[in-house]
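Take a look at the protein shown here.

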Amino acid sequence: MAMTYKQKRRYALLLLVVFLPIYIIVAVAIMSVAGRAPIAVEFAIYVFLGIAWVLPFKKVFLCIGQLDPDAPCDDIDA
């Protein structure tokens, strides 16, 4: 079952406001426990972790910045 536009927006907001800060805290905690690595390795891991969190949620964020396709034409400012 496909999500409606409003459901996608709410879910995306929930992911950004709740899940992302928790993910960042966990990623930094794991990196601090893992020990000291060369700066290039740490940078590569942080870049990977920064991109990896969004991959499972790609469908949620797709087309969120667009106008609501179900909105009547009167609601759209031209």
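## Buried or exposed

A residue counts as buried when its relative accessible area is under 20%, as exposed when that area is over 50%, and as partly exposed in between. E42 has a relative accessible area of 14%, so E42 is buried. Keep these cut-offs in mind, as they return below.

This is a predicted model. Every value here was computed from that model.

## The overall fold

The protein chain has 3 helices and 0 strands. Along the sequence, the pattern reads α-α-α. Helix α1 covers residues 5–34, α2 covers 39–52 and α3 covers 58–61.

The protein chain has 78 residues, and buried residues make up 15% of them. The chain exposes about 6500 Å². Carbon and sulfur atoms supply 71% of that area.

## A salt bridge at E42

E42 lies in helix α2. Its side chain meets the side chain of R36 in a salt bridge, with 3.0 Å from N to O. Side chains of opposite charge can pair when their charged atoms come close. The count for the structure comes to 1 salt bridge.

Are the two partners buried or exposed? E42 is buried, at 14% relative accessible area. R36 is exposed, at 71% relative accessibility, because that value is over 50%.

E42 has a further polar partner. A polar atom of its side chain lies 3.5 Å from the backbone nitrogen of A37. Leave aside the neighbours of E42 within four places in sequence, and its contacts are M31, G35, R36 and A37.

## Aromatic pairs

How many aromatic pairs does the structure hold? There are 3 aromatic pairs. One of them joins F19 and F57. Their ring centres are 5.4 Å apart, with 75° between the planes. That angle is over 60 degrees, so the pair counts as edge-to-face.

F19 lies in helix α1, while F57 lies in the loop between α2 and α3. The pair therefore ties together parts that are 38 residues apart in sequence. F19 is partly exposed at 30% relative accessibility. F57 is buried, with a relative accessible area of 16%. W53 and F61 form another aromatic pair, also edge-to-face. Here the centres are 6.0 Å apart, and the planes make an angle of 80°. W53 is buried at 13% relative accessibility, whereas F61 is partly exposed with a relative accessible area of 24%.

Which residues form one aromatic cluster? The members are F19, Y23 and F57. F19 and F57 are thus found in a pair and in this cluster.

## A buried lysine

K8 sits in helix α1. Is K8 buried or exposed? K8 is buried, because its relative accessible area of 17% is under 20%.

What does the side chain of K8 meet? One of its polar atoms lies 3.3 Å from the backbone oxygen of K59. Setting aside neighbours within four places in sequence, K8 is in contact with M3, K59, V60, L62 and I64. K59 is therefore both a contact of K8 and the residue whose backbone oxygen lies within 3.5 Å of the K8 side chain.

## A nonpolar surface patch

Ten-letter names aside, what makes up the nonpolar surface patch? Its residues are M3, Y11, L13, L14, L16, V17, V18, I22, V26 and I30. The patch covers about 890 Å².

M3 is found in the segment before α1. M3 is partly exposed, with a relative accessible area of 37%.

## Two residues across a gap in sequence

G50 is found in helix α2. At 41% relative accessibility, G50 counts as partly exposed. How far is G50 from A27? The two are 23 residues apart in sequence and 9.2 Å apart in space, C-alpha to C-alpha.

Definitions and conventions
Residues numbered from 1 in each chain as written. Predicted model: local features only at pLDDT ≥ 70, side-chain atom pairs only at ≥ 80, totals over all residues. Heavy atoms only, no water. Phe/Tyr/Trp six-rings, centres within 6.5 Å; stacked < 30°, edge-to-face > 60°. Helix = DSSP H or I, 4+ residues; strand = E, 2+ residues; numbered from the N terminus. Buried < 20%, exposed > 50% of the residue type's maximum accessible area, 1.4 Å probe, protein only. Patch = residues over 30% accessible without salt bridge, like charges linked within 9 Å, V, L, I, M, F, W, Y side chains within 5 Å. Areas by Shrake-Rupley, 256 points an atom, 1.4 Å probe, with all protein chains shown as cover. Salt bridge = Lys/Arg side-chain N within 4 Å of Asp/Glu carboxyl O. Polar contact = N/O pair within 3.5 Å; in protein donor to acceptor, adjacent residues only side chain to side chain. Contact = heavy atoms within 4.5 Å.
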